[in-house]
Amino acid sequence: MSVDEDARWLEWVTKQFESIAGDDKEIDIDEFKTALKVKESFFAERFFALFDSDGSGSISLDELLKALDLLIHGSETDKLKFLFQVYDVDGSGSIDPDELRTVLKSCLRESAISLPDEKLDDLTLALFESADQDNSGSITFEELKAELENFPEVMENLTISAANWLKPPAAEQKKRRAPRYLTRAYWQNNSRKLFFLCLYAVVTVLLFTGAMLQHRHGGGWFMVAKGCGQCLNFNCTFILVLMLRRFLTWLRATWVVRVFPLDQNILLHQIVGYAILCFTLVHTTAHVFNFVQLSEHSGFSLWEYLLTTRPGVGWVNGTASLTGVVLQLVIFLMVLCSSTFVRRSGHFEVFYWSHLSYVWVWALLVVHCANFWKWFLVPGLIFLLEKIVGIAVARMGGLHIVEVNLLPSKVTHLVIKRPEFFHFKPGDYVYINIPEIAKYEWHPFTISSPPEQSDSLWLHIRSMGQWTNRLYEYFRQPQREVVSPKRLAASLRDRRQLTRAQEELFSFTNCNGAVASNENAAVELMMYRQNGSPAPPTSEAPPPDGLGPAERGEAPPTREVSAKFGENHRFCNIKCYVDGPYGTPTRQIFTSEHAVLIGAGIGITPFASILQSIMYRYRMRKQNCPNCSYSWCENIKDGEMLLRKVDFIWINRDQKSFEWFVSLLTKLEMDQADEEPEGRFLEMHMYMTSALSKNDMKAIGLQMALDLLAKKEKRDSITGLRTRTQPGRPEWGKVFQKVSEENKGKVHVFYCGAPALAKTIKAQCERFGFNFYKEHF
């Protein structure tokens, strides 16, 4: 912080202290914990003890300001001494292994990281053995300082004032950003959208002006009403064109995608929807004023013009006024129920069923306006054809959900038997209907399996609404018992297959070095079994004889995992219908040279399919020397795949979320076990936002221990991957700066996740001149 910021911050601290302290002008440990807002009381107690210089059991304002002044203006050595005192719990002047373990355990709790006690011991010993250079059995201040110097990024973070722990959140939110709408990068990255909006505006103005001039004999209000009516004819048809998913998917393979923003059809659909609402309001208002003028010179009153057919206004039996009132109400209701608040607050069904009113809107428009059918005829026929084809394809497939896997954070992994005629591209999505859950509801989800996996289709569905919650709860309940010879035979077959998979699964180790219990790995192993492969690849080398415990006649290590595995995984035969596939912006990945894939949470699903497909094509080009184990990749840049480099960034809130696809990512790392001459083709970057960032003094020891143990074991303690999981959120400026410096060709960034983060990433892409694509449907 600057000098001015320090002064303002200390003023804020003083006010906060006075509001908390009360009449005695001092705060106790409980009030201090509330002010710090820490999860683990260990650090609050240590900070309180160090701030309480007189040992009175309470902190005065003078004591607090004196301590904060040291943390703000103190030297690097002063801050290191403060850190050492936090770790030196008993005040002996040195840190023993038990004290270090207590600190690291508190760090894990503060970061919401769950590791077994054995792994905590490994972390403690790794850091202690590295720091205890004289093997005295304790760490002195000089040894801790020398160890910290081996981690330059940690020393750099110590220059950040430790007082930032208490920095008010509002100060973070008030950062001003330079306007970007007039920059060259913004116009280049949004050229297709801006071109479309300009063309749309020109067409709208021309239609409005033409209709006004054509009806200039009717007076001003009549001209405005007719101008808006002509624009409504166009918009109410064009909004349909923007939702012709099959037609747009086909257009993505043509030159049209380079001119028009087909990837943003949903955004454009929303813009046109709001335009319809605005034109409807103006159209109705203009007609009301026109009817007021007509009622003054005719035999009909205003209410007769508005609510009856007596004046004979309209094409079909003079019903223009009545149909107009109904249209106004229906359109307003559709826009209201389509708002973000409704769709994102767990009431997707409200949006879904209200949106089906478009059928009544078109029917009423045909009756309301004499010329609307001319605009609607061709798009309406294409829309009807799409619906017929979609229903036919969905019903002809005869699809069944054959396996279900319940993953952490209420994610349901569905394995659907894939029909032979079902072809899709990586990153495509489908609409799925499961009559057992809801007979008439269709919901879109991204396909998470690659096109090269010919026998099955994978969907990973996170519970975030009524339908997805019902889906998860349906499969979480115990299986229903049905007494039937065929059902018993199928159950016996499935149970034997499950037992064989479990026995083989026990021969592998999970990310913490314990017995494997990851459900993703189990499902993947079964898929390999179904395809006739011996076993899926893992990060551990197989036994020398290539046999698992079952084949060698050994007993499985434990049966406890078996019960848990059976609860979270089951075989089934549930009817479902699939409509699609439909294309997304990610189809352009293979025409990119340097692709950056960013998934936030369950937003990894399109990239799960894409990464598997990319690595499949990569393996097809990989060459191996017959005389040695050296391998390399040739002809990566060709007509089918122009990719030269892929960076995959996955951001998760908690540790359990990484379990969704950790087995897949492990397999992708194994595909690149050998270093390439020009560097790795695929680089993965994992971020855990609940973990304390490296600029937090409470996390310094833990991050050092995790780094040391990762180098020793060649795997991350949190995920089990070779890629080290980074704490906190990515610093996008540094991330994209590194990508830019690699010079692997034109950079295309593909994102799937929360809209708020998309704005931040898009702004950084415009700064570096990267193309940005957001997955949305």
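Predicted model: local features only at pLDDT ≥ 70, side-chain atom pairs only at ≥ 80, totals over all residues.
**Exercise 1. A loop asparagine**

Is Asn 135 buried or exposed?

*Solution.* 
Step 1. Locate the residue. Asn 135 sits in the loop between α7 and α8.
Step 2. Read the backbone. Phi of Asn 135 is near 55°, which is positive although the residue is not glycine.
Step 3. Classify. The relative accessibility of Asn 135 is 67%. The cut-off for exposed is over 50%. Asn 135 therefore counts as exposed.

**Exercise 2. Another asparagine with positive phi**

Repeat the analysis for Asn 743: where does the residue lie, and what is its phi?

*Solution.* 
Step 1. Asn 743 belongs to the loop between α29 and β15 (747-752).
Step 2. Its phi is near 50°, again a positive value in a residue other than glycine.
Step 3. Relative accessibility is 61% for Asn 743, so the residue counts as exposed.

**Exercise 3. A cis peptide bond**

Find the omega angle of the peptide bond from Gly 580 to Pro 581 and name its state.

*Solution.* 
Step 1. Omega is near 5° for the bond from Gly 580 to Pro 581.
Step 2. That bond is cis.
Step 3. Assign the element. Pro 581 is part of strand β8 (residues 569-582).

**Exercise 4. The second largest cavity**

How many cavities of 30 Å³ or more are there?

*Solution.* 
Step 1. Count. There are 4 cavities of 30 Å³ or more.
Step 2. Size. The second largest cavity holds about 70 Å³ of space.
Step 3. Assign elements. Two or more lining residues come from each of α5 (76-87), α7 (117-131), α8 (141-148) and α28 (700-713).
Step 4. Find the main contributor. Helix α28 gives the largest share, 3 residues.
Step 5. Name residues. The lining includes Leu 83, Tyr 87, Leu 127, Ala 131, Leu 144, Leu 148, Ile 700, Gly 701 and Met 704.
Step 6. Sort by class. The lining has 11 nonpolar residues, 1 polar and no charged. Gly counts as polar under this scheme, and Gly 701 is among the lining residues.

**Exercise 5. A nonpolar surface patch**

Which helix gives the most residues to the nonpolar patch? Give the area of the patch too, and examine Trp 315.

*Solution.* 
Step 1. Area. The patch covers about 890 Å².
Step 2. Members. Among them are Trp 315, Val 316, Val 366, Trp 373, Leu 377, Leu 381 and Ile 388.
Step 3. Helix α21 (residues 372-397) gives the most, with 7 residues.

**Exercise 6. A salt-bridge network**

Which residues are linked with Lys 645 in a network of salt bridges?

*Solution.* 
Step 1. Side chains of opposite charge can pair when their charged atoms come close.
Step 2. The model has 14 salt bridges.
Step 3. First pair. Glu 683 and Lys 645 meet at 3.4 Å, N to O. Glu 683 is in strand β13 (residues 682-688) and Lys 645 in strand β12 (residues 645-652), so the bridge ties together parts 38 residues apart in sequence.
Step 4. Second pair. Glu 742 and Lys 645 meet at 2.9 Å, N to O. This pair links helix α29 (residues 732-742) with strand β12 across 97 residues.
Step 5. Third pair. Between Glu 683 and Lys 738, the closest N and O atoms are 3.9 Å apart. Strand β13 holds Glu 683 and helix α29 holds Lys 738, so parts 55 residues apart are tied together.
Step 6. Check accessibility. Lys 645 is buried at 2%. Glu 683 is partly exposed at 23%. Lys 738 is also partly exposed, at 42%.
Step 7. Assemble. Lys 645, Asp 647, Glu 683, Lys 738 and Glu 742 are linked in the network.

**Exercise 7. A contact across the sequence**

How many residues apart in sequence are Phe 348 and Gly 465? Compare with their distance in space.

*Solution.* 
Step 1. The sequence separation of Phe 348 and Gly 465 is 117 residues.
Step 2. Their C-alpha atoms are 6.9 Å apart.
Step 3. At 24% relative accessibility, Phe 348 counts as partly exposed.

Key
Residues numbered from 1 in each chain as written. Heavy atoms only, no water. 1 Å grid on protein atoms, 1.4 Å probe; cavity = no way out; pocket = protein on both sides within 12 Å on 5 of 7 lines; lining within 4 Å. Points joined across faces, edges and corners; volume = space filled by probe spheres on them. Helix = DSSP H or I, 4+ residues; strand = E, 2+ residues; numbered from the N terminus. Patch = residues over 30% accessible without salt bridge, like charges linked within 9 Å, V, L, I, M, F, W, Y side chains within 5 Å. Areas by Shrake-Rupley, 256 points an atom, 1.4 Å probe, with all protein chains shown as cover. Salt bridge = Lys/Arg side-chain N within 4 Å of Asp/Glu carboxyl O. Buried < 20%, exposed > 50% of the residue type's maximum accessible area, 1.4 Å probe, protein only.
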